[in-house]
Amino acid sequence: MDNLNETAVMNVVIIDEEENSRSIIKNYLCDIEGVLVSSEFSDYEQGCSFVLNAPKSVIFIDTSYNNEKALNTIKTIKENKKDNIIIALSNKTTTDSIIKAMRAGAKDFISKPIVKSEFSELINKLKYELLNPIEESPCKIISTFSNKGGIGKTSIAVNLAVELAQMTKEKVALIDLNLQLGDVATFLDMTPPFAMDYIANNISNLDKEELLKTMTRYKNTSLYVIADPLNIDSSQDITAEQIKNILNELKKIFSYVVIDIGTNIDSKTITALNMSDLILLVAIVNLPAIRSTQRCMEMFEKLGYTKDKVKLVLNRYMENEDIKTSDIEDVVKQKVYWKIPNNYLTMMSAINKGVPVNEINPSSNIVQNYMEFASKLSDYLITQSIKI
Ligand SMILES: Nc1ncnc2c1ncn2[C@@H]1O[C@H](COP(=O)(O)OP(=O)(O)OP(=O)(O)O)[C@@H](O)[C@H]1O
Ligand SMILES: [Mg+2]
């Protein structure tokens, strides 16, 4: 019974105080083949002790009313039965409640009242994932992030991706997750025939070769790009689930996936951040930017990200800044991992010409810096994977 591959049955346990809600879930599940509701509970403690002694299961836990108890139950199950999958349910869909549930160990979050089509889609996807576990791949996902605009996230994502491709000669994917008005395609002067919306809608039907063909290759390098949708409206239809599916498929093909993550904190951003091996948290040396970096770090701590996963990067750095690096480290409570020098002329010239900085002036300080950064990151990631 323990192995889903052998039994091809997905065991489900429901822990929800509301009888009506349990009935709805059971009702929806009856229509799905290969799913067995092994038990249901209105009491968290009883539910938890059942799960701890039961075979691998998917557990639905309501967090709407008895939030603390529910979160503790999620934590206990996750700590003791790591391979179980927990889906949090709630009638409150604030960012804070989603973050808390995910931090406790929930894999996904469903809002109440439950919509049948969304629910069935999630169950079918879980069944597929359980029966077809993703092979471990050496691919590493690196994201650039800041909750402030204009800080250099896109510049860093683009130039690092280019350097990683040129240095390692391995396949590198560059993804624009600024789904409304991203800049990656402009930075590389591309007009991709397919963008994120097309790939999101078709990801389940694309094999590896087709996926690669829908991405846009940068010149004759090993860098492939997925740009933001041309049409702003279609970006709203892209779901966190689709982002996750895309990243899982990319992991099978690429050695590195670099994501330029938008400033919005939503379920898509959190999915990408969760899936990242390394988050480059970008800051510049001024008080508002440092303050928002500190807030980001607090959010990352809440999400359970380790210091190994989040690295603080200072962009546009100048020697003899008024604020010392050690002061920033004290405020953000994180060591500065990398500093990128301020070089406005080279950077602007690259952006205006739609090329990476190494095509403007290969001997400039910023190009040297990006080369060293890419080399450090690839070594870092190799060391990390050896450790694992
Ligand atoms: N190292 C640098 N030195 C000087 N200027 C830089 C540097 N890096 C980026 N810039 C400049 O900062 C500006 C913002 O850069 P970029 O678009 O990469 O930021 P962003 O965080 O992606 O912005 P947005 O939030 O709008 O997406 C650009 O004009 C760019 O030229
Ligand atoms: Mg940007």
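1. The model is a predicted one, in which local features need pLDDT of at least 70 and side-chain atom pairs count only at pLDDT 80 or more, while totals for chains, interfaces and linings use all residues. Residues are numbered from 1 along each chain as its sequence is written, chains are lettered from A and ligands numbered from 1 in the order in which they are written, and side-chain values use heavy atoms, with hydrogens and water left out.

2. Around ligand 1 there are 19 residues, of which Gly152, Lys153, Thr154, Ser155 and Asn343 come nearest (a residue is near if one of its heavy atoms lies within 4 Å). By class, this shell holds 9 nonpolar, 8 polar and 2 charged residues, where Ala, Val, Leu, Ile, Met, Phe, Trp, Tyr, Cys and Pro count as nonpolar, Asp, Glu, Lys and Arg as charged, and the others, Gly among them, as polar.

3. Helix H7 (153-168), strand S12 (310-317), strand S13 (336-341) and helix H16 (344-353) each supply at least two residues of the shell, and the largest share, 4 residues, comes from H16. Helices (H or I, at least four residues) and strands (E, at least two) are DSSP runs, numbered from the N terminus.

4. Among the polar contacts (pairs of N or O atoms within 3.5 Å), a polar side-chain atom of Thr154 lies 2.7 Å from an oxygen atom of ligand 1, and a backbone N or O atom of Ile151 lies 2.9 Å from an oxygen atom of the ligand. A backbone N or O atom of Pro341 lies 3.0 Å from a nitrogen atom of ligand 1. The protein covers 85% of the 630 Å² of accessible area that ligand 1 has on its own (Shrake-Rupley method, 1.4 Å probe).

5. Ser90 is found in strand S4 (residues 85-90) and counts as buried because its relative accessibility is 1%, buried meaning under 20% and exposed over 50%, with a 1.4 Å probe and protein chains only. The side chain of Ser90 reaches the backbone nitrogen of Lys92 at 2.9 Å.

6. The peptide bond from Lys112 to Pro113 is cis, with omega near -5°, and Pro113 is found in the loop between strand S5 (108-111) and helix H6 (116-131).

7. Asp189, although not a glycine, has a positive phi of about 50°; Asp189 lies in the loop between helix H8 (184-187) and helix H9 (196-202) and, at 61% relative accessibility, counts as exposed.

Key. Polar contact = N/O pair within 3.5 Å; in protein donor to acceptor, adjacent residues only side chain to side chain.
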